[in-house]
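The following note collects numbered remarks on the model shown below. Please read each point alongside the coordinates.

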Amino acid sequence: MATKKQQRRRYQRAQGRGRLYDDHEPKSGSDEKPQRSAPRRSTRTRGEPPQPTWRRSVRRAALFAAGLFVFTQFIPIGSTRPTPAAAALQAAAFFVFLTPFGFLMDGFLYNRWLKRQRG
């Protein structure tokens, strides 16, 4: 047997989803909360990967390249720390490699998701 609190919540959920009292009109009075605008809904559903774009791939690669540059400047690996020019060259090479690789990976994941949806 559900508790009173559980019963009340179940009833409120059913009302909110429009399953009870189709002709029910909300009361107009001071006891109601002011209505907020509906939240913006995305066209994507939960679990759907976004379509691959070059802009997203470049942005992601730039973020990781900047992180690599900072990491190599502040965390010494080996006996010497690389010069800023060497670290920048390494980060640029990482950026050039990661941009198309990220785009291809996004495309692969999106196409695999599409195949699964089509059956």
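1. Helix α3 covers residues 84-118, which is 35 residues. From its first C-alpha to its last, α3 reaches 50 Å, close to the 51 Å expected at 1.5 Å a residue; the expected span is 1.5 Å times one less than the number of residues. Helices here are DSSP runs (H or I, at least four residues), and strands (E, at least two) are also DSSP runs, both numbered from the N terminus.

2. This is a predicted model, in which local features need pLDDT of at least 70 and side-chain atom pairs count only at pLDDT 80 or more, whereas totals for chains, interfaces and linings use all residues. Residues are numbered from 1 along each chain as its sequence is written, and side-chain values use heavy atoms, with hydrogens and water left out.

3. On confidence, the protein averages a pLDDT (the predictor's confidence in each residue, from 0 to 100) of 83, and 78% of the residues score at least 70.

4. The protein contains three helices and zero strands, in the order α-α-α along the sequence. Of its 119 residues, 15% are buried, where buried means under 20% relative accessible area, exposed over 50%, and partly exposed in between (1.4 Å probe, protein chains only).

5. Where does α3 kink? A kink of about 25° lies at Leu-98, shortly before the proline Pro-100; the bend is the angle between axes fitted to the seven residues ending at a position and the seven starting there. The helix is followed by Gly-119, whose phi is positive, near 100°.

6. The buried residues of α3 include Ala-87, Ala-91, Leu-98, Phe-103 and Trp-113, and what covers the buried residues of α3 includes α2. An α-helix has 3.6 residues a turn, so residues three or four places apart point the same way. By contrast, Leu-89 in α3 is exposed, with a relative accessible area of 62%. Its C-alpha atom is separated by 9.0 Å from that of Phe-69, 20 residues apart along the chain.

7. Asp-106, in helix α3, is buried at a relative accessible area of 14%. The side chain of Asp-106 makes a polar contact with the side chain of Arg-60 at 3.2 Å. A polar contact is a pair of N or O atoms within 3.5 Å; within protein, one must be able to donate a hydrogen and the other to accept it, and residues adjacent in sequence count only if both atoms are side-chain atoms. Leaving aside neighbours within four places in sequence, Asp-106 is in contact (heavy atoms within 4.5 Å) with Pro-52, Arg-56, Ser-57 and Arg-60. With the same exclusion, Phe-103 is in contact with Pro-52, Thr-53, Trp-54 and Ser-57.

8. Thr-72 is found in helix α2 (residues 54-74) and is buried, with a relative accessible area of 7%. The side chain of Thr-72 reaches the backbone oxygen of Phe-69 at 2.9 Å. Not counting residues up to four places away in sequence, Thr-72 touches Arg-81, Pro-82, Ala-87 and Gln-90.
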